Amino acid sequence: MAKRAASANRRTDIVNAAIEVFAEIGYYRATTAQVAERAEISQPYVFRFFNKETLMVAALEVSFQRIQQAFERTIQSAGKEHLEAGLIRDYEGIMERHRNEILLQMQAQTIQEEPIREAMRKGMAEIHHMVLRAFEEAGIERPQWRTENFMARGLLCNLTMALDLPQLMKKDLG
């Protein structure tokens, strides 16, 4: 059992290192050797778990799971009048504490390798579905439009963070 736990921890260490390396220098410029160095392991050990493409997919999955978990907590606890504002606060917190994961997602939007595109499609679709369902169940007016607006504002938030241009976003929800 201890070996399996250690192996799972090393896998997590590798993915976390990949998030940092990919966000800092880009998926195409990054190498698995750089990821291994950041994780303080050997490159052959990285290959026990991943190739570069599957490593990017795993990193994206981690980033989308973080958003989904935060949103799920808010959906379960916030009332209709606080739902959207709570989801916005969740996302702002993720952007603040896990900036590299957001930068990773932004990069992945332009990567053409099909497994990476599929990971992006899946992650975005799951978040869209989660928010739409929450808005519908809360009885929020025009839930489809509100969801699309919420998602678009999230993408704009990503851009403002990456370019350090906060003036692109208004702080009110109106």
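Student: How far apart do the centres of the positive and negative side chains lie in the chain?

Tutor: Here Lys and Arg count as positive and Asp and Glu as negative, with His and the chain ends not counted. Each charge is placed at NZ of Lys, CZ of Arg, CG of Asp or CD of Glu. There are 23 positive and 24 negative side chains, and the centres of the two sets are separated by 3 Å.

Student: What should I know about the model and its numbering?

Tutor: It's a predicted model, where local features need pLDDT of at least 70 and side-chain atom pairs count only at pLDDT 80 or more, while totals for chains, interfaces and linings use all residues. Residues are numbered from 1 along each chain as its sequence is written, and side-chain values use heavy atoms, leaving out hydrogens and water.

Student: How many helices and strands does the chain have?

Tutor: Helices (H or I, at least four residues) and strands (E, at least two) are DSSP runs, numbered from the N terminus. Read from that end, the elements go α-α-α-α-α-α-α-α. The count is 8 helices and 0 strands.

Student: Which residues is Glu84 in contact with, leaving aside neighbours within four places in sequence?

Tutor: Contact means heavy atoms within 4.5 Å. With those sequence neighbours set aside, Glu84 touches Phe135, Arg146 and Phe150.
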